[in-house]
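Here is a briefing on one protein model. Have the sequence and the coordinates open as you read.

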Amino acid sequence: MIGAVSAGGAVGACARYGASLIRPTATGAFPWTTLLVNVVGCAVMGVFMVLITEVWSAHRLVRPFFGTGVLGGFTTFSTYTTDVQRLIETGRPVTGLATFVLTPVAALVGVGVAVAATRTVLASGKSAGTDVGEGAK
C-alpha cells in the first residue's frame with residue numbers, strides 16, 4: 001500500500017514540477033499555474049471517483065496509487081497557502097485574498113463539474129445501449 005502511494009506520489013509530483021517548468025510564476029504575479037494544477041487535479045479526482053465507485057470494480061491498489069498518490073502529489077494546496085502568504089508579504093494583499101478565495105472555490109467547482117459531466121457521459125452511453133462498465137466486471 002505504501003509503495004503504491006509513494007510511486008503515485010512521485011508521478012504526480014513530477015507532473016506538477018513539469019507544469020511549473022512550462023509556466024513558471026513570476027515573483028509577485030498571480031499564481032495561475034498553482035491554481036490550474038489544483039483545479040485540474042480536483043477535476044480528475046471527480047472523474048476518477050465516479051469511475052471507481054459507480055462503474056468499475058478497481059484493484060485495491062488503484063485508489064491509493066492514483067487518488068492518493070498521483071493526484072495527491074500533483075495537486076498542491078501547500079503551495080497555494082505559501083503563494084497567499086508570499087503575495088501578502090510582498091504588498092499584494094488583494095491578489096493574495098483573491099488567490100485565497102478563488103483556489104478552493106475553483107477546485108470544488110472543478111470536482112462538481114467533472115462528476116456531473118462524467119455521470120452525463122455514462123448515462124448517455126447507457127441510453128445508447130453501451131454499458132461502459134460491462135467490460136471491467
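Residues 29–52 are 88% helix and 0% strand, and the end C-alpha atoms of this span lie 38 Å apart. The helices behind such figures are DSSP runs (H or I, at least four residues), strands are E runs of at least two, and both are numbered from the N terminus. This is a predicted model: local features need pLDDT of at least 70, side-chain atom pairs count only at pLDDT 80 or more, and totals for chains, interfaces and linings use all residues. Residues are numbered from 1 along each chain as its sequence is written, and side-chain values use heavy atoms, with hydrogens and water left out.

**Annotated spans**
- The unreviewed UniProt entry annotates residues 29–52, 64–82 and 94–117 as "transmembrane region". Positions follow the numbering used here, feature names are shortened, and annotations may be inferred rather than shown by experiment.
- Residues 64–82 are 89% helix and 0% strand. The end C-alpha atoms of this span are 26 Å apart.

**Overall fold**
- The protein has five helices and zero strands. Its pattern along the sequence is α-α-α-α-α.
- The C-alpha trace spans about 55 × 35 × 20 Å along its principal axes.
- Of the 137 residues, 34% count as buried. Buried means under 20% relative accessible area, exposed over 50%, and partly exposed in between (1.4 Å probe, protein chains only).
- Take contacts between residues at least 6 apart in sequence: 75% of them join residues at least 24 apart. A contact means heavy atoms within 4.5 Å.

**Largest pocket**
- The largest pocket has a volume of about 220 Å³. Of its 16 lining residues, the closest to the centre are Ser 20, Thr 25, Thr 33, Thr 34 and Thr 79.
- Helices α1 (2–22), α2 (32–55) and α4 (77–89) each give two or more residues to the lining.
- A pocket is an open set of points on a 1 Å grid over the protein atoms alone, where a 1.4 Å probe fits, with protein on both sides within 12 Å along at least five of seven lines; lining residues have an atom within 4 Å of a point. Its volume is the space filled by probe spheres set on the points, which are joined across faces, edges and corners.
- The lining divides into five nonpolar, seven polar and four charged residues. Ala, Val, Leu, Ile, Met, Phe, Trp, Tyr, Cys and Pro count as nonpolar, Asp, Glu, Lys and Arg as charged, and the others, Gly among them, as polar.
- Thr 33 lies in helix α2. Thr 33 is buried at 10% relative accessible area. Leaving out residues up to four places away in sequence, Thr 33 touches Ala 19, Ser 20, Arg 23 and Thr 25.

**Asn 38**
- Asn 38 is found in helix α2. Its relative accessible area is 0%, so Asn 38 is buried.
- Beyond residues up to four places away in sequence, Asn 38 touches Thr 75, Thr 76, Phe 77, Tyr 80, Thr 103 and Ala 107.

**Aromatic pairs**
- The structure holds three aromatic pairs. Rings of Phe, Tyr and Trp (its six-membered ring) pair if their centres lie within 6.5 Å; planes under 30 degrees apart count as stacked, over 60 as edge-to-face and the rest as tilted.
- Phe 30 and Trp 32 form a tilted pair, 4.4 Å centre to centre with 50 degrees between the planes. Phe 30 is buried at 15%, whereas Trp 32 is partly exposed at 46%.
- Phe 77 and Tyr 80 are edge-to-face because their planes lie at 80 degrees, with ring centres 6.1 Å apart. They are three residues apart in helix α4, so about one helical turn separates them.
- Phe 77 is partly exposed at 33% relative accessibility. Tyr 80 is buried at 9%.
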